[in-house]
Amino acid sequence: MKLKFETKRIPNYDIKRKCSSFDKKKSIINYFSNIAIKGHFEFKVVRSDSTRYSLKCNDNRCEWCVCAFRVKDSTLFKIVKIEKNHDCSVNTMKAYQRHETSKLISGYIIDNLRDPRFEVTPDFVMVEMQKLHGLDIGYHKAWRAIQRASALIRGTPEENYELLSSYLYMMKSKNPGTYTNIKIDDNNRFLYMFYEYGSSIAGWNYFIPVIAVDATFLKSKYRGVLMISVSKDANNQIFPLAFGIAESENNNSYECYHGICIYHLEQNLKQRKVKSEVIKLFQSTARVYTRKEFDLYMSDIAKVDKKTFDYFMEEPLERWARSCSPRRRYDMLTTNIVESMNSVLLEARELPILRMMDFIQVKLHRWFYEKRNKAEGTFYDVSCWVEEELKKKIDLAFTLNVFPVDSWHSRVEEEGITFLVDLNKRTCDCFQFQFNELPCIHAIAAIEKRNIKKSNFCSDWYLKESWLKTYERQIHPVGHTYS
């Protein structure tokens, strides 16, 4: 559901009377600027110094004027003369006014900016000022108003970096078990920073041990990159692990990911003008489970395009081919999930660093709450996603011929090919059972023959209990104590 912002309306100011007082000169300036905006007129400053502030209507034929003096030995300003009535023509009223400064407008939008879930854009400010106050402001003025309001809430970009160490300290105080690390150079300049919430560290013990890492460029004053590492929970949904901010995406900021994203490898092929036939062969080559199938597809590629075959062989096969990997990659052969996370945080990239971190915290807090509730609400032994994946395999599995060998072993026939299934070791000759740690169609057929619960042969990563444990802890906001 899309929430609608509500900007502050200009208060219904009553014209002050003679002898009315203001706590300081800035207050009287803001007060009459708002009066002018509400009345769609302009005034000029006749005199402004440390002891006196005098105004009159910009229309010389109008008698409206104000004169105030500073009260001796104080910061108070008292109105000593005021003419309330305006005689100026309707022709002098304007939708664009010089009193509508970015500083003044920032006061109208500051409450919107306090909510880190949303990004207030210049376009939004322009529309709201027009709709609510009849003001015609330009894009750059709206942008400056946002910057001013943001600086009031979280300080300037420079102040944000100065407060970063304190912010991380408070993050650790509010979230036990949280890890943070900040690196500065010999001149006390920021280089990079990483943090991981204690709740994410605790959750890491309960889902598949595969991590995807990627970075996205920041658009705030000092640029840099936001690095994100994620994995998948028992329900095959994104689980955010750690975040980092650095000057650039390089090996000094984080160690290289051990696997190559096959989507990016495919994009490289398209840039090299590789035939679509070869690209399709590559997709199959990267995803197959057995080395025999891999060799057959590679042989087909070599026949069609020897140059591209040699290009593939330049990279270690275990980094991009599932069948050659020494570790389980489950179904995480691309960095799509971390790129999805990047898109979720897209609107936060223009924010000052602390406000961006607040934005991330709010997102994570909501996700943990929603996913914990979903896990609590399921009546399956496994996650909802695993339940659906097993159901997809049922129809085909039940058509296969099963020949039990002993209490654990079975021979399962599919289209004239025999697969040996070992339910004790949870393996199958198709390799899907052991690679994904979920029963393949052959394993399901063997399990059904023995009338055993299919969920018993799913990895602990996919159980409802693990799903609940993943989101057991909460993420708490830092608040404003650091400032």
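Is N451 buried or exposed? N451 is exposed, at a relative accessible area of 70%, where buried means under 20% relative accessible area, exposed over 50% and partly exposed in between (1.4 Å probe, protein chains only). The legends below describe a predicted model, in which local features need pLDDT of at least 70, side-chain atom pairs count only at pLDDT 80 or more, and totals for chains, interfaces and linings use all residues. Residues are numbered from 1 along each chain as its sequence is written, and side-chain values use heavy atoms, with hydrogens and water left out.

**View 1. The open sheet, with five strands in the order β1-β5-β4-β3-β2.** The pairing in this sheet is antiparallel; two strands pair if DSSP finds at least two bridges between them. Helices (H or I, at least four residues) and strands (E, at least two) are DSSP runs, numbered from the N terminus. Because β1 (21–22) and β2 (43–48) stand at the edges with a single partner strand each, one side of each is left without a neighbour in the sheet. Helix α1 (residues 25–39) packs on the sheet and touches β1, β2, β3 (52–57), β4 (65–70) and β5, contact meaning heavy atoms within 4.5 Å. The direction of α1 makes about 10° with that of β3; axes are lines fitted to C-alpha atoms, for helices over the stretch in contact, and angles run from 0 to 180 degrees between N-to-C directions.

View 2. S21 has K78 in β5 as its bridge partner.

**View 3. Two hairpins that share β13.** Strands β12 (residues 409–414) and β13 (residues 417–422) pair in the antiparallel sense over six bridges, and E413 stands opposite T418 in β13. Two residues lie between these strands, and E415 in this hairpin takes a positive phi near 50°. β13 also pairs with β14 (residues 427–428), again in the antiparallel sense, over two bridges; T427 in β14 is the bridge partner of D422. The hairpin of β13 and β14 has four residues between the strands, and R426 in the turn has a positive phi of about 60°.

**View 4. Positive phi values at E437 and N451.** Most residues other than glycine have a negative phi. E437, in the loop between α14 (432–436) and α15 (441–449), has a phi near 60°. E437 counts as buried, at 19% relative accessibility. N451, in the loop between α15 and α16 (464–470), has a positive phi of about 60°.
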